[in-house]
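Subject: Handover of a protein structure

Dear colleague,

Please find the structure below. My notes on its surface, its cores and its aromatic pairs follow.

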Amino acid sequence: MKTIRLLTLTSLSYLLIFTFLLLVSFWVFLRFLQLGANESTDELLINKKKRIVRLFQATEEPLPLTQLALSDYFIQPVDENIPEYQVFRDTLITDKSDDESYMYRKLSALQKINNVNYRIDIVLSLVEKDDVVQSVVVALILVFVIIVVVFYLSSLVLSKRIFIPFHITLQRLRNFEVDKSLQYIPVDSKIQEFTILNKAISDLTARAQESFANQKTFIENASHELLTPIAVSQNKLEELASDADLTAHQSGLITVLINVNQRMSRLNKTLLLLSKIENGQFPERQTIWVRELVDDILLLFEEQQDEMKLSVSVMISKNVTIKANLVLAELLVTNLIKNAFIHNNTEGEILITFLGNSLTVSNTSKNPAIPEEHMYQRFYKNSQRKESWGLGLAIVKKICELNQWAIQYRHIKGRHVFEIVIQ
């Protein structure tokens with residue numbers, strides 16, 4: 001979903017509202033201007049009609065027809081016996097000198113003069129008034145544009161100043177780390193909403209740090225407390241296993257218990273290690289030679305490689321290095337390689353490459369593609385192999401998040417491919 005900055009959204013919203021109000025105001029002003037111009041013109045037409053009427057009233061006999069028609073008015077006697085009226089309207093009249101049509105205001109009236117009904121048509125050019133109106137409109141448009149630009153820029157500047165505490169708060173939240181002892185420092189602001197927000201954030205971060213510290217202490221204590229009873233039970237079981245009086249059945253049961261105990265011990269250590277990774281307890285970083293690291297880890301799987309008759313290929317230059325914590329780097333590569341061995345086929349293949357800034361581990365497998373929603377879910381297993389706890393990929397994911405590396409998974413023609421993009 002595409003997002004938009006709050007400052008941009010508010011500025012555009014204000015601009016749209018302001019522009020709409022200006023357009024409505026502009027239209028209302030223009031209408032009043034046109035009505036005012038028409039009213040002024042109508043008043044001139046009425047005054048002219050009155051002068052014509054007075055001129056005719058001063059003459060007792062009807063004037064010759066040659067005097068009844070002039071360029072700006074026309075009078076014609078009519079026989080209708082209807083009430084007097086006068087009507088105003090706009091009309092176009094063609095000027096014969098240049099064959100162009102111009103806008104005129106026309107007054108049509110029926111007036112009784114010396115007991116004779118006359119129809120009077122009077123016109124008045126609107127060209128000059130239209131020019132004035134057009135000039136006013138152009139001036140208004142320029143003022144309108146200037147006002148909109150100034151309003152938008154000023155609102156943008158003012159909004160930026162108002163939102164400074166908000167952006168400082170965001171930056172401090174980005175830099176805040178719940179596993180550090182440093183407390184969140186609220187931003188001083190005279191704006192009530194920002195003050196309330198910072199108070200809520202300060203309380204929330206304090207509670208988060210307290211909960212994190214309590215959880216961290218509990219996990220460490222619980223893991224360490226479990227080590228002792230597991231170790232004691234392991235020793236007692238081994239002592240029992242060495243008893244010569246045991247039957248074959250009893251010896252088999254004790255062997256099963258020893259294996260279960262060892263699995264519990266490994267699980268406890270794995271969960272403790274995962275907790276330490278999440279708590280950021282591996283801050284040290286150093287230069288690591290990737291090819292040497294991979295070769296050392298592959299030595300641990302030589303027996304399994306021979307047993308499964310796997311073909312392992314490593315395509316990594318000897319001068320490739322990365323900057324990371326050595327313990328976490330070993331853990332990440334070990335889990336990826338172990339995953340490739342555990343979920344492989346007999347006489348299958350494993351390919352380990354480092355191209356550009358990406359470490360890729362791929363293996364053949366009869367297992368289907370791992371569902372995306374379960375990819376890094378703890379204790380989720382894509383197969384029923386007993387060697388797998390379903391924690392390897394969860395640990396790999398946490399290490400990548402800690403180092404801000406990207407991890408990608410693909411299933412291509414029966415091969416599971418994991419790629420770590422080291423940034």
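A residue is called buried under 20% relative accessible area, exposed over 50%, and partly exposed in between (1.4 Å probe, protein chains only). V24, with a relative accessible area of 38%, is therefore partly exposed. This is a predicted model, in which local features need pLDDT of at least 70 and side-chain atom pairs count only at pLDDT 80 or more, while totals for chains, interfaces and linings use all residues. Residues are numbered from 1 along each chain as its sequence is written, and side-chain values use heavy atoms, with hydrogens and water left out.

V24 is found in helix α1 (residues 6–57); helices (H or I, at least four residues) and strands (E, at least two) are DSSP runs, numbered from the N terminus. K49 is also found in helix α1, and K49 counts as buried because its relative accessibility is 10%. Leaving aside neighbours within four places in sequence, K49 is in contact (heavy atoms within 4.5 Å) with Q86, L107, A109, Q111, I120 and I122.

Turning to the interior, a nonpolar core is a set of buried Ala, Val, Leu, Ile, Met, Phe, Trp, Tyr and Cys residues joined through side-chain atoms within 4.5 Å. The largest such core has 40 residues, and V294, I316, L332, I337, I352 and I420 have the most contacts inside it. Among the elements that each supply at least two residues of this core are α6, β7 (321–324), α8 and β8 (349–355). The most is given by α8, with 9 residues. Another core, of 11 residues, lies apart from it and includes L45, V53, I120 and I122.

Which aromatic rings pair? Rings of Phe, Tyr and Trp (its six-membered ring) pair if their centres lie within 6.5 Å; planes under 30 degrees apart count as stacked, over 60 as edge-to-face and the rest as tilted. By this rule there are 2 aromatic pairs. F301 and F341 are stacked, because their ring centres are 4.9 Å apart and their planes are at 10°. This pair links distant parts of the chain, 40 residues apart: F301 is in the loop between α6 (290–299) and α7 (302–308), and F341 is in helix α8 (residues 326–342). Both F301 and F341 are buried. Y409 and F418 form a tilted pair, with 4.9 Å centre to centre and 45° between the planes. Y409 counts as buried at 17% relative accessibility, and F418 counts as buried at 3%.

Yours sincerely
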